[in-house]
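Hi,

Here is the structure I promised to pass on to you. Have a look at it first, and then read my notes below.

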Amino acid sequence: MIKIQKSSEIESSFFCGRNFGSSIDVVRDVLNDVRANGDAAVKKYSAQFDVASPSALEIPQEELKAAAEKMQKENQKLYDALCYSRDLALRFARKQRESFDDFEVELEPGLWTGQKNIAVERAGVYVPAGRFPLVSTMVMTVTPAVAAGVKEIILCTPPRKHPSGMDKPYADENIMAAAYICGVSKAFACGGSQAIAALAFGTESIPAVDVIVGPGNKFVAEAKKLVYGTVGIDMIAGPTEVFVIADNSANPAWVAADLLAQAEHDVVAQPVLAVTDEGLAKKVSEEIEKQLETLETAKVARQSIDNCGRIIVCSSLEEAAELANKKAPEHLELAMDAGEERSKIVKMVHNYGSLFIGHGSAEVFGDYAAGLNHTLPTSGSARFTGGLSVRVFLKTVTTLRTEEGKEGPVNSAKAAGILGDAEGLAGHAKAARIRL
């Protein structure tokens, strides 16, 4: 049963990033091996860790197209839902792209400074295919890259046995279909930390990329951390989490369902509810137990609820908002009616991956089909970063242009010379003054 506690009883560790052990030594060995031995190393680790180890790695485009056509024929509802999700995500991502302006401004007479936002040339996308092959992750990782203007999008996803029984590269069929629907350039049957290594360093088959995005297990997360600097990454994602602030207008059944939706992800997922009414806390707790009785994923959700979940009884909604800011959750829900009180809490909260405002704004909409990206910061990292967006695939670079004879460049040369002298960099000073 979920723990109910007063806000004064919260232990300090609740607000700390959660650490579930390191796999750095194993992953470092994999990275070094793939960097040195390319495809051979990738195939060796596939044989060791995956359900299949094809002799070739690239999945032909015809296979992706066939998977999409099969889905459209045999599961039209799923096909349409994926297309709907893609379209919303693409519209949102394109609006994001519009917000990154290129400009040139004259700061002083003849001194023109500018900014340009340039897409990376090649992006790597990792989509896991473990207990739940995450077809929605394809939408969330590929569409912002498309909207940014990335020329080539490379997918790596764990291999599956080819249905023909032949030794051909293959992957989860729904993931392949989603790859085709979303516009992946090339797809490779390659999973785990070896896939991250291949994308970062390149192999005979898999091209090196500029940025790697997408979730994965602790080995994938560790690999992304280690290759950062060689390539860019989106973030290091940990177990999922939701923090719900609810007042007495909340529907206990809806709140319980939202908590369980996160709990079913992982035994260490963290569902949290903050309320001001102990009666509401008990109603939600009872509803959780009721819904667990028929939930197909109850085995995992039960462990998450019992070991990581909690309901916090606060003295006020303002205190709940302060706790949320301190926790910096991946998902923050405000299960409140519209009005002054909700508007006040919306203004108060500022540390979260995504904010879901009002009873109808279910967090699962953000997971699947509301335009928002579901790849979000966890374990308190929402204090300093947001989720995956077009920004990850863009480089913001600057430009300088001067006009001879104008006041601005002359004053800059004089100031640069003085600063060069102060730092003992005579060459800097000379390069500035030679233009006077």
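Let's start with serine 379: at 26% relative accessibility, serine 379 counts as partly exposed, because the buried label needs a value under 20% and the exposed label one over 50%. Before going on, bear in mind that this is a predicted model. You'll find serine 379 in the loop between helix 14 (363-368) and strand 15. Serine 379 also has a positive phi of about 55°, although it is not a glycine.

Alanine 328 is another residue to look up. Its phi is positive too, at about 55°, and again this is not a glycine. Alanine 328 lies in the loop between helix 12 (317-327) and strand 13 (331-335). Is alanine 328 buried or exposed? At 0% relative accessibility, alanine 328 counts as buried.

Now for a residue that touches both of these. Glutamate 241 sits in strand 10 (residues 241-246), and its contacts include Ala328 and Ser379. Leaving aside residues up to four places away in sequence, glutamate 241 also touches Arg18, Gln262 and Gln270, among others. With 2% relative accessibility, glutamate 241 counts as buried.

On to the nonpolar cores. The largest one has 46 residues, and those with the most contacts inside it are Met138, Val150, Leu155 and Phe393. Several elements supply at least two residues each to this core, among them helix 4 (76-99), helix 5 (135-148) and strand 6 (152-157). Apart from it lies another core, of 26 residues, including Val27, Phe188, Ala195 and Ile212.

Next, the strands. Strand 3 (residues 103-108) and strand 4 (residues 111-119) pair in the antiparallel sense over five bridges. Within that pair, glutamate 104 has glycine 114 in strand 4 as its bridge partner. The hairpin of strand 3 and strand 4 has two residues between the strands, and glycine 110 takes a positive phi near 85° there. Strand 4 is also joined to strand 15 (residues 394-402) by nine bridges, and these two run antiparallel. Threonine 113 stands opposite leucine 400 in strand 15.

Strand 7 is another one with two partners to find. Which way do strand 6 and strand 7 run, parallel or antiparallel? They run parallel, joined by four bridges, and threonine 157 stands opposite alanine 189 in strand 7. Strand 2 (residues 58-59), on the other hand, pairs with strand 7 in the antiparallel sense over two bridges. There, isoleucine 59 stands opposite alanine 187.

Last, a pair of helices. Two packed helices are described by the angle between their axes and the distance between the axes. For helix 15 (residues 407-422) and helix 16 (residues 426-433), the axes come within 7 Å and cross at roughly 165°. That makes helix 15 roughly antiparallel to helix 16, because angles over 145 degrees get that label. Their crossing is left-handed. To see where they meet, look at residues including Ala413, Ala416 and Gly417 in helix 15, and His428, Ala429 and Ala432 in helix 16.

Note on methods. Residues are numbered from 1 along each chain as its sequence is written. This is a predicted model: local features need pLDDT of at least 70, side-chain atom pairs count only at pLDDT 80 or more; totals for chains, interfaces and linings use all residues. Side-chain values use heavy atoms; hydrogens and water are left out. A nonpolar core is a set of buried Ala, Val, Leu, Ile, Met, Phe, Trp, Tyr and Cys residues joined through side-chain atoms within 4.5 Å. Buried means under 20% relative accessible area, exposed over 50%, partly exposed in between (1.4 Å probe, protein chains only). Contact means heavy atoms within 4.5 Å. Two strands pair if DSSP finds at least two bridges between them. Axes are lines fitted to C-alpha atoms, for helices over the stretch in contact, and angles run from 0 to 180 degrees between N-to-C directions. Angles under 35 degrees count as roughly parallel, over 145 as roughly antiparallel, 65 to 115 as roughly perpendicular and the rest as oblique. A crossing is left-handed if the near helix is turned anticlockwise from the far one by less than a right angle, and right-handed if clockwise.
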